[in-house]
Amino acid sequence: MAVISLVNVRNLILKDISFEINEGEIFALVGPSGAGKTTLLQVLAGLAPYTGRIFSDAGSLDGVPPYKRRMGYLFQDLLLFPHLTVEGNLTIAMGREIVGKKQKRERATELLILMGISALAKRFPHELSGGEQQRVALARALASSPGILLLDEPFSSLDFRIARYLRLEFKRLQRMLGFNALFVTHNMEEARELADRIGVLKDGRLVHVVKPDDLWLKADPGEGAFLEQPNILNVCNQRETGNGLIEVEWAGLRFFVPDEGKGFERVAIRPGDIFISTLDPPGPPVNRFKGRIKKITEAEGMALIHLTVGGEEIDVEITIEYLRTLNLSTGDQVCGILKLRSLHGC
Amino acid sequence: MKGLYRLCFIALFLMALLVAGVLFALIFRLSFKELWDAISSAEVLFALRLSLLTSLGAIIIALILGLPSGYLLARRSFRGKAILDTLLDIPLVMTPLVAGVGLLFLFGNTFLGRHLAKVGINLIFSPWGAVLAQAFIASPIIARTCKAAFEEVSPRYEWAAQTLGIRPLRTFFRVTLPMARQGILSGIVLAWARAIGEFGATLMVAGSTRMKTETLPIAVFLNISSGEIGIALSCALILIAVGFIILLILKQIGNNHRPGLPMKGIG
């Protein structure tokens, strides 16, 4: 059962977008900046004009004003009301289904306990840390009992570790409360970790809707230039080792890949997850290779190094600083390690 | 540079001396006893009461007209907005005396004036005229300051409110208005200061009838003309006190940056 369906939705930025979000699903929209991700959220919330049709499980949403759409919108800049306390921010969002000040305050307390921030009820937004503000904004969106949550880059402004923690929290809450969510992000890791399905948006078009594990295969270099292109290695001679690993052969070398419980023919690894150095690094001799540099491309503080390894090719990404330290140039030989936990069968 | 600063200091000192001299001349012209008798006279009390009432009425009208106007100008663009916006500035730069003449001609013995008189609204040479004159001066001030105050509140907060299911009117009163509160309050105080001290336009529209359309500034004018220095000075000192109170209130509003009231770049 679809909670939201879009049929040929278009405006100045979006071009014929059609897809559905199902009951209990988390749907992620990924794409480069300017692809129309935020515009699509605004269209759904009724904040931007469009043609085409949008339905919720309650009927058509076309022409329905934002305050009647029941779309909880978590804005990138949160937009907590600065003149209200945390509790005030929550109670103002509660609709007519909760009658009475006392009941509203009780509901607010419940939500704040869920978010683990019940101690902050009487604080003002500017007295909170970034992560706390994020939780308040999520609690507020939930307080309005929306049919679906729209989240715009919800974790992008946060410190890496806090973002990771909040993602886990979000997943936990979603399982517990069973809300539907559509979130946009440019962080692939985030999309893979949270989403049940992922839509790839490019130049206002929805080019793919895929399961998280299939994303790397579907997005070809032309469409997904924003995606850090993973290396897809064609492997053969697979053998289960019995300790949660699968041994595979690539470029005439033996590698270990974590056993994720499903069959595969290829292995994906992101360029940033490959370690290289000029000398063979210390440590266990697992998943190592030697390669020769074919090409070095520099962009935005990072260097993409194209290696040939025993007739196969692989891309490695390192910082420019590290490139300078190693003093590498085309034709040099390097030693590399494919980080075990970063290898994914697909 | 030192010589330059010295010259500037002389200028500053002369200005301060002049202001202090004026205050001194007003306050110490009469003995305390004479002043007290005058202040407790029926005429001064009448003028004070009339000024408070007419300025209050003018501010209410100015708010009813100016607040929504300011909001619209801050939020929407529409055909003719620039012209309307400029039109609102005219009362701010117009000599009040001339504005008064204009109001007199518009509401006097004209089609509009006669029809208003028929339904019992006599604006000309009545206290209501004072309200009209003051409202004319105060409304654009309120509209201006409200526009600036609403512009400080990002419309994205209104978006957020609406996605939370809060209706537009409730959004205005519970989100936008409280967030713009400080600027609006300053505007009200400034407009009130202009209204209570308003003389030129009031003189033209309401006239200067003793104990009828005698606001504080009119009372100063009437009594200086007729040599009643005591009453004139009492009213003048009340106006000075009002000015001080307004300065204090404005300072208080400025200092009172309550937690969370519009801050830039909410993170």
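Asp159(A) sits in the loop between strand 7 (148-152) and helix 5 (160-177) of chain A. Helices (H or I, at least four residues) and strands (E, at least two) are DSSP runs, numbered from the N terminus. This is a predicted model: local features need pLDDT of at least 70, side-chain atom pairs count only at pLDDT 80 or more, and totals for chains, interfaces and linings use all residues. Residues are numbered from 1 along each chain as its sequence is written, while chains are lettered from A and ligands numbered from 1 in the order in which they are written.

Is Asp159(A) buried or exposed? Asp159(A) is exposed, because 12 other C-beta atoms lie within 10 Å. A residue is buried with 20 or more such atoms within 10 Å of its own C-beta, exposed with 12 or fewer, and partly exposed in between; C-beta atoms are placed from the backbone.

Now move to Gly130(A). Helix 4 of chain A covers residues 130-143. Its 14 residues should span 20 Å at 1.5 Å a residue, and its end C-alpha atoms are 20 Å apart, so the two agree. The expected span is 1.5 Å times one less than the number of residues. Helix 4 of chain A is mostly covered, with 11 of its 14 residues buried. Among them are Gln133(A), Arg135(A) and Leu142(A). Just after this helix, Ser145(A) takes a positive phi of about 35°.

Last, chain B. Ile142(B) touches Ala62(B), Leu63(B) and Ile188(B), among others, not counting residues up to four places away in sequence. Contact means C-beta atoms, placed from the backbone, within 7 Å.

Terms used: Contact = placed C-beta atoms within 7 Å.
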